Amino acid sequence: EFGETIGFTSKDDILTAAVAVDNDIACTPYDIAQQIEFIETLFRDGKHISEIRLIHEQMHGLKGDLLTLNSTVSVTSIIGHINLILVAQCPETTLERWNSVRDDMNDILNTIQKNFRFPQNIHAIAIDDSKIQRKLLGKFFDFMGLGPEQCTVLGDGADEIKGFEDFVVTFMNSHKNDYVFMVVDENLDVVDESSGTDESISGSVCVENIRRRLPFELERRLFALVRSANDSTSDIAIYNDRAHGFLPKAPIRREKVVETLAPLWLKRFPPAQFGDSVAYENADDSESITSEELACSAQDIAHKLIEMDARFNTDDRSENWRWMHDQLHELKGDILTMTSDASMISVLGMINLLLGYKDSILITEKWPKLRDRIYSVINEERTSSGTVQAAGSRWTKVKVTLKTKSSFAETGASAKQKRRSSLSHSFQSNSIQSPTTTTERR
């Protein structure tokens, strides 16, 4: 074990003088938050009126949890307020005092959260086959407060994807005293350049294989999350079984990254068992942190659509519906991490509809409608917002013009050639343009 003695302030030491705190039963902020949530439901259900003994039992439990909380924040006043709840004579007074305890406890948890820091001996590894997502993952690690020397982002090509398991196992064996945080995309699509065949590798299966290959003392220092656009209840259950949790593909603000990861980290690495798993620092309230969002832009999506258009109309693999599914899965993940006030439900529904087709000709026929719908949503958002940021404009106008319409129902090489020549993208002034040109803004 890696336990360390839990320290308290002098006033708390007086309160807990008769209590021997065992590292194995030390409490985390995550545990406290769960307990507060449960007690709050009891009050909402009126248990402070009908079953006051149950409320008292929970208060004694909360008091014990606070006394074993691994934190330097004083809980003296909270303990005092809990004692007042235990001697309250009427339900109204009990509820009033609970509201005070709950609010004070939430303030303490927010302070602990604000002061939470990942340990110095942490390394972050991520893998994704999307260029956009790899860029976002690098930024995600930066939002965690990690330096570039602590981060590795993989997924650029078949070699990195197929060699991922070996890389992680080798890395952890050479960093036995460190922690490894891993974010793994679920759908990793690989193209064998020599044979031209396509293969989809499950990221969660990779994590499962890695965990099995690692000895116990190394696996317990690994924290692996599966990141996926597929977030049904059954999907998440699979991710939780194979890895240590699930991270949705969605925009997230800088200040929310640590807030999101901290409870998961503390649950995986309780300080009582891993003495060096957390570093708390007093946050400087005078420091202003720029609120920045981790999300792909309209420009990113526009470039993605241009690339997919070219692939669907020139790549020989467009006759393979499985390969087209891989491209659509990647697009879905990118859209889910896009900052937008407009509803993308219709777009995601159209993507899911195409993913249900096992006919490349049918997918090719439906693709222009999906592509144009995405452009339309971006333009509607840009028009309704009315404002554009001076730097890194969130929305810029996109326009796609089809000079002539081809018959996507046609088959064979001649039909493909017609489709290649029929599509062109006209990007006007103040619009998203191709990757080789600049973007003009108002």
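**Charged side chains and their partners**

Modeller: Start with Arg-221: a polar atom of its side chain lies 3.1 Å from the backbone oxygen of Asp-178. That is a polar contact (N or O atoms within 3.5 Å; within protein, one must be able to donate a hydrogen and the other to accept it, and residues adjacent in sequence count only if both atoms are side-chain atoms). This is a predicted model: local features need pLDDT of at least 70 and side-chain atom pairs pLDDT 80 or more, while totals for chains, interfaces and linings use all residues. Residues are numbered from 1 along each chain as its sequence is written, and side-chain values use heavy atoms, leaving out hydrogens and water.

Arg-221 sits in the loop between α11 (216–219) and β7 (222–228). Helices (H or I, at least four residues) and strands (E, at least two) are DSSP runs, numbered from the N terminus. Arg-221 counts as buried because its relative accessibility is 3%. Buried means under 20% relative accessible area, exposed over 50%, and partly exposed in between (1.4 Å probe, protein chains only).

Now the salt bridges. Each one is a side-chain nitrogen of Lys or Arg within 4 Å of a carboxyl oxygen of Asp or Glu. By this rule there are 20 salt bridges.

Take Lys-249 and Asp-128. Their closest N and O atoms are 3.6 Å apart. Lys-249 is in the loop between β8 (246–248) and β9 (252–253), and Asp-128 in the loop between β2 (122–127) and α7 (131–143), so this pair ties together parts 121 residues apart in sequence. Both Lys-249 and Asp-128 are buried. They also belong to a network of salt bridges that links Asp-128, Asp-185, Arg-227 and Lys-249.

Next, Lys-304 pairs with Glu-330, with the closest N and O atoms 2.2 Å apart. Lys-304 lies in helix α14 (residues 298–314) and Glu-330 in helix α15 (residues 321–336), so the bridge ties together parts 26 residues apart in sequence. Lys-304 and Glu-330 are both buried.

Glu-199 and Lys-162 also form a salt bridge (3.8 Å, N to O). Glu-199 belongs to strand β6 (residues 198–202) and Lys-162 to helix α8 (residues 158–162), which links distant parts of the chain, 37 residues apart. Glu-199 is partly exposed because its relative accessibility is 39%. Lys-162, with a relative accessible area of 46%, is partly exposed too.
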